[in-house]
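This report describes selected local features of a protein model. The sequence and the structure are shown first, and the commentary follows.

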Amino acid sequence: MQRLIPTGDPDRPVTFTEAAEPLPAPHEALVRVEAFAPNRGEIFLLENPRPALLPGKDVAGLVVQAAADGSGPAIGTRVVCHPPLGGWAEYVPVPTDSLAPLPAGIDAIRAAALPLAGITALRLLRAAGTVQGARVLLTGASGGVGHYVTELAADAGAELTAVTATPERGQRLSELGATHVIHDLAEAAGPFDIVFESTGGTAVATALSQLAPGGTMIWFGQASRAPATLDFFDFFTGPENAVIRHFHYAGAPYARDLTTLVRLTETGRLHPELGRVADWSETAEVLVDLRERRIRGKAVLTTGAAR
């Protein structure tokens, strides 16, 4: 089969190679990949790839070999998957606790845009607790996670202020339910009960200063790649009893969350944002455009295997 592997070349970060078809473990189904979606974390890993790196965590396709242990769906089931690695290939083995069946109304392209960003958004909101009636601030709202958080938080009754760099993306966030959209974090009209912070750098201290007493900031990313600096005295003279929580989305099983994302998409309550759809022969160029932020929303690559 064909798969994409890292090159270490920033101008062409992946190339095709021939590989043996993988042999799934007893708890894994073998999925023929129809579409996959790169994530920003994978793009960072490609800058200095470790030996034997096989990227690919957001996948949709068709089960061509059911799990030997009897778990998971039967052959011929269309699925959305979140494997630990290896999804940028014609076939990928996926633990059955990390996939969910797809209904006829959701194609592989939209499905591939769901896993990592959608799971992150669901788990962020669970970590925050009840958001109904809460004042919520979301930085880095233009990305895939930001879109899903906006839509889910608005649906749950939050008063959400979304921070995004461009008016175009701001308009879309308003359509998805954001109560307020701003283009400069300094314009945020706090205090906020909950802050979701994903940009890093100076935004961390600014967002923290916007918390209400007893509020919580959930720090889930550093898209700017700039480290944050916090002043001890500023923090302790700021919001009383404020909390900073570390967050990382990862941790199988994912099937429950994938099933939820599929249901919300099928019922029109969640809308994957597709910034570009291309054949996987264009993966290297798409990865560069994602790195340079020339694509807003999710990029999805198709293998030509869809029927």
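Helices (H or I, at least four residues) and strands (E, at least two) are taken as DSSP runs and numbered from the N terminus. The model discussed here is predicted.

**Backbone geometry**

Most residues other than glycine have a negative phi, and most peptide bonds are trans. Against that background, two residues and two peptide bonds deserve attention.

Ala52 has a positive phi of about 65° although it is not a glycine. Ala52 belongs to the loop that runs between α1 (40–47) and β4 (59–65). Is Ala52 buried or exposed? Its relative accessible area is 74%, and because the cut-off for exposed is over 50%, Ala52 counts as exposed.

Asn241, likewise not a glycine, shows a positive phi of about 60°. The loop between α7 and β13 holds Asn241. With a relative accessibility of 61%, Asn241 is exposed.

Turning to the peptide bonds, Gly190 and Pro191 are joined in the cis form. Pro191 sits in the loop between β10 (180–182) and β11 (192–197). A cis peptide bond also links Ala252 to Pro253, and Pro253 is placed in the loop between β13 (243–246) and α8 (255–266).

The angles are collected below.

| Site | Feature | Angle |
|---|---|---|
| Ala52 | positive phi | about 65° |
| Asn241 | positive phi | about 60° |
| Gly190 and Pro191 | cis peptide bond | omega about 5° |
| Ala252 and Pro253 | cis peptide bond | omega about 10° |

**A nonpolar surface patch**

Which residues make the nonpolar surface patch of about 410 Å²? The patch is formed by Phe232, Phe233 and Phe236. Phe233 is part of helix α7, which covers residues 232–236.

**A parallel strand pair and its crossover**

In what sense do strands β14 and β15 pair? Strand β14 (residues 274–279) and strand β15 (residues 298–302) are parallel, and their pairing extends over 5 bridges. The chain passes from β14 to β15 by way of helix α9 (residues 283–291), giving a β-α-β crossover that is right-handed. Within the strand pair, Arg276 stands opposite Ala299 in β15.

Conventions:
Residues numbered from 1 in each chain as written. Predicted model: local features only at pLDDT ≥ 70, side-chain atom pairs only at ≥ 80, totals over all residues. Heavy atoms only, no water. Patch = residues over 30% accessible without salt bridge, like charges linked within 9 Å, V, L, I, M, F, W, Y side chains within 5 Å. Areas by Shrake-Rupley, 256 points an atom, 1.4 Å probe, with all protein chains shown as cover. Salt bridge = Lys/Arg side-chain N within 4 Å of Asp/Glu carboxyl O. Buried < 20%, exposed > 50% of the residue type's maximum accessible area, 1.4 Å probe, protein only. Pairing = 2+ DSSP bridges. Right-handed = clockwise from strand over helix to strand, strands pointing away.
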